[in-house]
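Try each task before reading its solution.

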Amino acid sequence: MIGRYLGFLALRGVIRLLARLIKVAACVGAIVMAAPVTLVGAYAAALAWVLGWPPRQLYRAAACCLPMLAAWLAAMAVAGDPWQRLAAAPYLAWLAMWHDIAAGAWPLAAVTIAPVAIPLGLVAGGLGWSWRIYSMETGSGGLSPSAPAAFDQRQWRHQVRAARARIAAPGAVPLVLRNGNVVAGATIRSVRHPALPLAAIPYPRLRSHQVVIGTTGTGKTTLLLRLWAGFMTRGLQLHAAGAGRRPLLVVLDCKGGADSRRVAERARRVLRGAGAAATAIWPDEASLSLWALPPRQLTTTLVDMIEHGTGAAAYYADVMEEIVRLAVDAPCGPPASAADFLARLDAGWLSMAYAAAADGGDVALLRSASRHVGDIALRFRTLLRRLGGGLDGPGGFGDADAWYCILEGTAEITVAEAQARALVDLLAWYATDGAAGGTGISGTAGAGGSGVGGTSAAGTGGRREILLAVDEFSAVSRRLPIWQLYERARSLGLAVQVSAQSWQGLAADEDERYRVATTADGGIWLLRTPHPEPVAALAGSRRVVDTARRLLGVPLWAHEGLSRAEGTPVVDAELIRALGVGQAAYIYRGGVTYIQVKRLVAAPAELASPVAADHAGVRPASQVASPGVADRSAAADRSAAAGRSAAGGGPGQAPAHPGGAQRPGLADVSALLDEAFGKEPP
Amino acid sequence: MTERDISGLLFAAEMYGVQLDQLAIRLGVSEPRARAIAQRWRQQGHAESARLGPGRPWVWLTRAGLTACGLPYQPIPPALPRLAHLRAVTAVRLALEATSGYAAASAHWRSERRLRARMGSRVPLREHVPDGEVHWPGEPGQAAVPWAGECWAIEAELTRKTVRRTAAIMIEILTRTGDYGCPAAEARVPGRPPRHARVLYLCSPAARPTVLRARDALGGALAARVEIRGLPPGAGLAASGAGATAAGTTAGRAAT
């Protein structure tokens, strides 16, 4: 009995061995017979592995080969082959290939089979690569327990390398695609988003609220510049086609300092390349007029710019608001400047102004609150002095296509908060009424503001497509109710893009952070940050298959195990923490695309002008880098430097034409001046 | 209201206010006659006059006068601290207008008050507005003067500023490309021709060295566009007395 049982076991073993050998032989035979397809498939899968391509890339390549197959069949049909022969063409080509190989004609064999083998091979490679990815993702593949994790890390490296190569290729990453989508860079990896080589954002998403989070040195500014340039370019395209309003970009850089000014200059050059006619840098080169606000809004803004407490201090806040209202709503009209406003914060002035008023209530109010007027004037005098002249006009948002506003949030937080509050109020007013009511530049009120070379909204009287970008938002988040703006921005035609260095820097408290992040319907950009979990959680989770397998012994798996579906986060927080410079995760609608951001190369900085052109104040257009309001000091330096070079000497040298003698390019006016003012002493 | 009256009213309005001796020069009449004319303007409610400082009485336009002239200015008397400056600028204007080239070229003066009015009440705190502009119409080579088509900025310097500040003002004027009151983004646009072909400084003896040094500090091309001359006789406030009218009368004769 035992002998028969042992014989049965041996027979079963032999049969299994034979079956396995037959199976292996059949597979090898099939591979050999389909050698061309096998070769192409293996090459395609290896290429996809090296470049980190998704299988879809191979399928797309196979689809691209179909015209070749169609042309081959069409050529056979034109040659007069019957349809039966056409149907059997792949088989016949396969036979012919082997005959050619047997005859030693390898190139001819390759050409003969290529129309069939290449598409089939790509599809086979795609299927094989897809199976490999699936087996590793589910944990059912690999020889060791660490194989899936190692595979993922290796694939990430390959994908990053491919994305970097793509953005390095000249012309491979345009700013705007033909369909109008704005390209942020090359796709590294995507989850629940289409796996396309280029990561492109539809323009409407740039017209929606967005959040950008990333620590210093992660490429946040590069990303923002690209998004701003894309917004400007596409917006101008639509405007030129009559399909949209002219774009207006307003950047609040709440960090301040020399770094912000460098970024502002870079932004100006980039936006110039994007088509912006003028970029104004506030407050260094251009100003806005707070006094252009309608009286009621002006009162609210002025009061909100002053820090006042609660409790007992609320009484003084009410008194202050009433006094400010009286000063702003005076019968002679609202104040036109800071000096005008401060002059009104005087009990005598207010009494005179309201002496003839029919409403006795204001006079009574003034009488009771008159002893506080001096204190209120002192507070506003201090505030307006610290704010500087940037809000004292002239100027309005309609004067330029882009405004880069620098707020000294690092050096003077309270000033930056007040400035941010005033600027946002001005912009909100401009978005609603300002476009129809003027920008605050005198003489242009009622015309929608004056335009830049006829390019602003002034000419059309229409509103603008406005993107408000608040960089380093944490510096002003205490006083700037950005979420309020968020919630009413849609009706204003205003999109808000908030950026911060961390989740905590997004707003003052957790509730406000979530309000800002969850209303970012244009997507969230996440760069490297040490605490990405709250944002990553907003992307949700997805169902994946996880497999537990039996361990044969360190480090090998057995082929037996259990698989079950479970939820895993869409955004891998560890991956976010390890992102490199210039890499970003774009989270939108429960999916994420990891992007290698393409840096926009701005036009070179303004060069010193040629002597002959500059002395007349005219520079070649090719050297005009910025169309906006020139930096007074920088322009002065440049002009002075150019002037010195024109004189052929250094700063210490005497001018070439002292005393108003004959000047190159300028007519001699000495005779006229002698006649009017007498001859000059020698 | 004669043409001379209209011209005088406009002149007084543009210059913020004018002293009686300068008004006489402008109108081309004697001083007693100018006084009578100013008295008539007062009776009509178009002007007001008072002795605001040293020298002759000042005449300035009332709200009714400004309205009659169609000028959107604030009806305020000349500010006391600016009296000397206003007189100097008026003297410069009279001297320039008295030249043969000015009339031949049909040049015209654009006053600081007009420039500020274009900018409205929201004149930026840091912006410098010249004391006047002289526009020389026409095309170069086709007009009476070779500098036709140019626009000059006029600066009357009585007191001494720092060299740095003076140089900054010179650069600001010479690099400006847009008109006053234009959008902020157009004020200085690289690549566009400058608004002012040159700036003409009329200096008191005290201010002259500073202005010269400031021009030297600019160097080369910009400095070449800065003209510096002394203030004309009779430009000083103290000189508005009886002994200072000789040069002014000469200019007035030329103007008439």
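This is a predicted model.

**Exercise 1. What share of the residues of chain A counts as buried, and how many helices and strands are there?**

Solution. Start with burial: of the 682 residues of chain A, 43% count as buried. Next, turn to the elements. Chain A has 23 helices and 13 strands. Then take the contacts in chain A with a separation of 6 or more. Residues 24 or more positions apart account for 71% of them.

**Exercise 2. Is Tyr316(A) buried or partly exposed?**

Solution. First, locate the residue: Tyr316(A) sits in helix H12 of chain A, residues 313-328. Second, take its count, which is 15 C-beta neighbours inside 10 Å. Third, apply the cut-offs: buried needs 20 or more, and exposed needs 12 or fewer. Tyr316(A) therefore counts as partly exposed. Last, look along the chain. Ala369(A) is 53 residues away from Tyr316(A) in sequence, and their C-alpha atoms are separated by 9.8 Å.

**Exercise 3. In what order do the 3 strands of the open sheet in chain B stand, and why is one side of S1 and of S2 left without a neighbour?**

Solution. Write down the order: S1-S3-S2, with antiparallel pairing. Now check the edges. Strands S1 (18-19) and S2 (47-50) of chain B each have a single partner strand, so one side of each has no neighbour in the sheet. Then zoom in on one pair. S1(B) and S3(B), residues 58-61, are joined antiparallel over 2 bridges. Val18(B) has Val59(B) of S3(B) as its bridge partner. H1 of chain B, residues 3-14, lies across S1, S2 and S3 of chain B and runs at about 95° to S3(B).

Conventions: Residues numbered from 1 in each chain as written. Chains lettered and ligands numbered in written order. Predicted model: local features only at pLDDT ≥ 70, side-chain atom pairs only at ≥ 80, totals over all residues. Helix = DSSP H or I, 4+ residues; strand = E, 2+ residues; numbered from the N terminus. Contact = placed C-beta atoms within 7 Å. Pairing = 2+ DSSP bridges. Axes fitted to C-alpha atoms, helices over the stretch in contact; angles between N-to-C directions.
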